[in-house]
Amino acid sequence: MGYKKIYFVPAYPKLNRTTSGGRQFVDNIPIDKSHFGKDPFNPVKTSYIPDIISINPNRSVEVVPIQNSLQGFQARERVVVFDADTDERLSDIARWLIHEPKDYAIAGCAGFAKYLEPLLFCEKKGVTQKILKHSGVLVISGSLHKLSFLQSEYAQRKGFEMMCVDELEGFSDNENFEVTEEAILGILALYERSHKLIIKTAGTRAALDDSQDIFAAGEIIVNNFGQLVSRLFKKGFDGMLVVSGGDTLGGIMERMGKYSVEPIAEVEPGVVLASIDNETGSHQIITKSGGFGSLEIYEKIYLHVKKV
């Protein structure tokens with residue numbers, strides 16, 4: 001893109017993602033020692049951000065420690081990684097950026113984005129859509145993150161119906177799998193029992209770990225989830241769809257054909273409600289990263305939806 005300076009702010013303090021000494025931490029644990037270091041798709045090998053960025057030898061990296069005042073700081077032409085462990089620190093970085101020459105790019109996570117409004121020079125507008133009333137919640141949990149499995153187990157104790165994709169023959173290991181009409185009707189019937197249903201990758205993370213090729217299984221599952229959701233929408237599913245896992249969401253969106261997306265609200269930090277319009281109509285979807293959220297996240301979403 002031609003930018004000689006890139007300011008990188010990866011911290012998200014509200015979700016216990018912090019940066020100190022150029023290292024990324026999750027719940028005060030170096031990220032490579034956390035669940036993210038065991039991710040079957042993209043395991044994090046190191047918590048030291050300059051080492052990750054330095055895979056590109058043409059990029060120099062500088063770390064700005066938390067204890068360093070930003071007043072008078074002048075960044076050189078390189079990637080600048082800012083340490084941060086509080087929202088106040090994120091706000092300070094954003095205020096510092098306001099006075100910088102606009103010859104840089106910004107990278108970071110949603111935790112930093114809320115402080116960038118003064119930099120964007122855009123007119124702030126309200127959303128054009130309201131949160132609609134839904135009959136209940138259907139969670140598609142395609143994430144292979146350990147926390148996703150724990151969240152599903154907690155939700156089951158709170159009354160969520162549970163279904164594993166293994167119950168659909170060929171779902172996890174057949175690239176040419178086709179969701180049958182019988183399967184769709186069975187899923188809708190299971191949903192109608194309590195209007196709280198989770199469809200997940202496997203009964204336990206241990207079961208998935210025993211797979212001979214966890215990566216291949218994940219790729220197939222993601223693609224087949226996309227097919228399943230598309231069929232549910234065409235069948236007139238009227239519940240709130242919740243998708244856990246970025247790869248899973250990508251597989252679903254690929255099946256949407258042409259679509260537009262409008263963010264509506266943040267249900268809680270890192271959990272976003274959006275409206276997606278495509279040829280089958282307008283659908284409201286809540287999405288989250290597989291490694292985000294508390295154990296009770298799905299019950300919280302259900303209660304939020306029922307309050308509307």
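Colleague: Which residue in β10 is the bridge partner of Ile140?

Modeller: This is a predicted model, in which local features need pLDDT of at least 70 and side-chain atom pairs count only at pLDDT 80 or more, while totals for chains, interfaces and linings use all residues. Residues are numbered from 1 along each chain as its sequence is written, and side-chain values use heavy atoms, with hydrogens and water left out. Strands here are DSSP runs of E with at least two residues, numbered from the N terminus, and two of them pair if DSSP finds at least two bridges between them. β8 (residues 137-141) and β10 (residues 196-200) pair in the parallel sense over five bridges, and the β10 partner of Ile140 is Ile199.

Colleague: Which residue in β11 does Ser141 stand opposite?

Modeller: β8 also pairs with β11 (residues 240-244), in the parallel sense and over five bridges. Within β11, the residue opposite Ser141 is Ser244.

Colleague: How many of the residues of β8 are buried?

Modeller: In a regular strand the side chains alternate between the two faces of the sheet. For β8, Val137, Val139 and Ser141 on one side and Leu138 and Ile140 on the other are all buried, a term that means under 20% relative accessible area, with exposed meaning over 50% and partly exposed in between (1.4 Å probe, protein chains only). The strand is thus mostly covered, and the count of its buried residues is five of five.

Colleague: Is Ile106 buried, partly exposed or exposed?

Modeller: Ile106 lies in strand β7 (residues 104-108), and its contacts (heavy atoms within 4.5 Å) include Tyr7, Leu97 and Phe112, not counting residues up to four places away in sequence. Because its relative accessibility is 33%, Ile106 counts as partly exposed.

Colleague: What is the phi of Asn16 near?

Modeller: Most residues other than glycine have a negative phi, and most peptide bonds are trans. Asn16 is found in the loop between β1 (5-9) and β2 (17-20), and, at 43% relative accessibility, Asn16 counts as partly exposed. Its phi is positive, in a residue other than glycine, and is near 60°.

Colleague: What is the relative accessible area of Asn28?

Modeller: Asn28 lies in the loop between β3 (23-26) and β4 (29-30), and its phi is also a positive value, near 70°. Asn28 counts as exposed because its relative accessible area is 69%.

Note on methods: Helix = DSSP H or I, 4+ residues; strand = E, 2+ residues; numbered from the N terminus.
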